[in-house]
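Reader: I would like a close look at a single part of this model. Please keep it brisk, and give the cut-offs as you go.

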Amino acid sequence: MTSTHIIIALSIFVITYGMIISEKINRTTIAVFGATILLLFKVLTQEQAIENIDFNTIGLLIGMMIIVSILRKTGAFEYLAIKIAKKVKGDPWKIIVLFSVFTAVASALLDNVTTILLIIPITLVITDTLEVSPIPFIFPLILVSNIGGTATLIGDPPNIMIGGAAGLGFVDFIVNLAPVIIIIFVVVTFVFKLKYKKKMAVSQEKRDRIMELNEKLAIKDLPLLKKGIFVLSLTIIGFMLHQYLHFESATVALIGAALYLLISKADTEEILLEIEWPTIFFFIALFVLVGGLKEVGVINFLAEKLLSLTQGNMFFLVIFVLWGSAIISSFLDNIPFVATMIPLITSIAVMSSIDITPLWWALSLGACLGGNGTLVGASANVIAVGMLDKHGYKLSFIDFFKTGFPIMLLSILLSTVYLIIMYL
Amino acid sequence: MRNIINKAEVTEHTIKLQQLGAKVTVINSTLCYVNFNLSGLILQYVYNVNFNGNYFLERIRPYPLAIQEISSERDVVKIIDMDIHKFKNAMKSSHIDMFIAMAKQINSTFTTFEDTFLNYNIPGEKVEKIYKKIMALELEIEMIREKAKSVEAIEKSELNDKNS
């Protein structure tokens, strides 16, 4: 590798990430362009580029997207949501709490964007029926979807990437992250109780309208739903056992997806159209871009600097990674950030021979929870706020920041205490 | 991102329509807009190609008219071609502007008619009066058509004259 290669790789990386942050050009377009420029300048050969793609992450994302695309057609989410709203007799605050629990659990098993895509429409139907502003309902759901997703391997794309690179499985994530996530969830719900509960007065007449909703009408395809519950249960069991059975998590997701496609008799072409292909190509391009930095030695250089800055002290490293990830992920897309941090942490392990497992948890907590800091911190935030906007309700960057950022800081503070107690 | 927001919006509409008692089927499809400029007369069509292989064709300019549901893409082009041909012929007439104005008026009259009958309680004799007028108008159009020479026949005779 020549110094020209280093300059080219760094320049392409910085310009591409700058363009992704500026959002002037579609993020997938610019990432793929940057990755191909690396090939053009022979920083990477095509074989090296392919070797740098984490196909476990890609396979897991595609597999889960297929399962969710079919499951979405059943109406199961809407059924459960209406059932919950009726169970609490249309009480707005109780709806918010139970929908939050529902969203956090769903987000742990599906990715955050999918969860938001499923929960926001039915929430809007509920708030329309109650004739109340949807903001006090949707804002907590956005934040808990990011919180819930942090608890598992499959809940948030950064975790999928970390799991794939670090060899950490579904159970590892649950055992190490779910306890602190439950604590954070309870605290955040309490914060929202203080903020919104007193404003939640709705007349009995409007509550009665909720009782008139018929959850059975929401079920679009009962046989498909039964098959979906069977496949999803099987897939989750597969995730719990994949480490013991020596399967990659992507293998489990793809087997589940293939099985659901087969037994559902869904139109495969139509289901494959539903996959978020721009996201998949974005991931592929990022792996190649970071691969370029690895190949020219920039990642090793940064790892050395980080080790010398923290003098190899695990306490400082954990605090640095946790808080650094959280602040950066509040303002920037956490996926490119995590894509860069993964090889950096791996290099630290190689150079210092210390057990870096706490750093993976710090990265996961920081990158996933950091998304709650601002409106642009996570895709789920942007989508939910976009939906609110379409309904004429404005949740501005500042409004989001005023509540989201302190909650994010509180979550990271709780995570710091947890990591210190558990690992340091 | 736009695609995801649209999907969420469709889901919301679906839930609301289901609660009204509808069975909603959501099908992926492609919507095509077709524009022609015939010397200043804009003809615009829209057709939808869905996954079930059906095509819904509609003319939206100069005045809206649902054409039909057809089963082949080739037929879409054929029907549009025939329609364009008819308009090209009609443009030779000095009455084209009047014809388009009348067609627009018929659409507008239908909207008023629907609004009146769906939103007001109309006495029976008034209903009958309007019905008779519509039938009379229809009859008059039929009579005019019977007495007039078809464009197809005119074209054939023009072709024969040219050949001879």
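Author: Between chain B and chain A there are four salt bridges, each a side-chain nitrogen of Lys or Arg within 4 Å of a carboxyl oxygen of Asp or Glu. One joins the side chains of B:Glu9 and A:Lys390, at 2.8 Å from N to O.

The model is predicted: local features need pLDDT of at least 70, side-chain atom pairs count only at pLDDT 80 or more, and totals for chains, interfaces and linings use all residues. Residues are numbered from 1 along each chain as written, chains are lettered from A and ligands numbered from 1 in written order, and side-chain values use heavy atoms, without hydrogens and water.

In total, 19 residues of chain B are in contact with 28 residues of chain A, contact being heavy atoms within 4.5 Å. The buried area is about 2200 Å², and carbon and sulfur atoms give 62% of that. (This is the accessible area, with a 1.4 Å probe, that two parts lose on being put together, summed over both.)

Now the rings. The structure holds 18 aromatic pairs over all chains. (Rings of Phe, Tyr and Trp, its six-membered ring, pair if their centres lie within 6.5 Å; planes under 30 degrees apart are stacked, over 60 edge-to-face, the rest tilted.) A:Phe139 and A:Phe192 are edge-to-face, 5.8 Å centre to centre, with 65° between the planes. A:Phe139 lies in helix α8 and A:Phe192 in helix α10 of chain A, so the pair ties together parts 53 residues apart in sequence. (Helices, H or I with at least four residues, are DSSP runs, numbered from the N terminus; so are strands, E with at least two.) Both A:Phe139 and A:Phe192 are buried. (Buried means under 20% relative accessible area, exposed over 50%, partly exposed in between; 1.4 Å probe, protein chains only.) Ring pairs also link A:Phe139 and A:Phe192 with A:Tyr196 and A:Phe400 in a cluster.
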